[in-house]
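I set out to look up how charged side chains pair in this entry. My notes follow the order in which I checked the contacts.

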Amino acid sequence: MMARPAGSADCLDQKVLQYEAFINDVLRRDLRAVLEQRDRLYEKMSHYLQLKNVIQSLEEAGPQRMKADVDLGCSFFVQARVDDPSRILVLVGFGFFVEMSHQEALRFINKKTNQLTLFTEQLTKDAAKIKAHIRMVLEGLRELQGLEELPDVCRKSAAAAQL
């Protein structure tokens, strides 16, 4: 290796710090936000699939009276009697509920879960792109600093530490 002038070493150190700050302040924050958003969508899908199972159970039970525990909020439950379970209220978004028959609700749930699946797939692709950008910047830093390439074992543990 050739000796560098003192001024270029300071400039290089400054660039390295800028790239590290970019990784930590921008890319990792973006990655965390995308993964959290994807997790929220998975949770919504889970709720819709639970509702689908409940509707299918209601259809198997037939048109009979039933009792249910209803959450009024803050985990405060009351017992409710349902005289006609053939129609239910379904959360369609933005805090709006729509009364639907079981078949209408099942069709809505299928469309909604398909839509949420597409969104989660896109968020997964976005997360992969951000991870690739992190990897690219780390490789650039490695080259700037004149470091050798990491063995695969070290690289995998470093990638796991990124999250």
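Which side chain meets arginine 81 in a salt bridge? I looked this up in the model, which is a predicted one. The partner is aspartate 83, at 3.1 Å from N to O.

I found a salt bridge between the side chains of aspartate 83 and arginine 65, at 3.3 Å from N to O. This pair links distant parts of the chain, 18 residues apart. I located aspartate 83 in the loop between β2 (77-82) and β3 (87-93), and arginine 65 in the loop between α1 (6-61) and β1 (66-71). Arginine 65 is exposed because its relative accessible area is 58%, above the 50% cut-off. I noted that salt bridges with shared partners join Arg65, Arg81 and Asp83 into one network. Aspartate 83 has a relative accessible area of 44% and is therefore partly exposed.

I then turned to another pair. The side chains of arginine 29 and aspartate 30 form a salt bridge, with an N to O distance of 3.6 Å. Is aspartate 30 exposed or partly exposed? I recorded aspartate 30 as partly exposed, because its relative accessibility is 30%. Arginine 29 is likewise partly exposed, at 46% relative accessibility.

Finally, I noted the total for the structure: it holds 7 salt bridges, including the pairs arginine 29 with aspartate 30 and arginine 81 with aspartate 83.

Terms used:
Residues are numbered from 1 along each chain as its sequence is written. This is a predicted model: local features need pLDDT of at least 70, side-chain atom pairs count only at pLDDT 80 or more; totals for chains, interfaces and linings use all residues. Side-chain values use heavy atoms; hydrogens and water are left out. A salt bridge is a side-chain nitrogen of Lys or Arg within 4 Å of a carboxyl oxygen of Asp or Glu. Buried means under 20% relative accessible area, exposed over 50%, partly exposed in between (1.4 Å probe, protein chains only). Helices (H or I, at least four residues) and strands (E, at least two) are DSSP runs, numbered from the N terminus.
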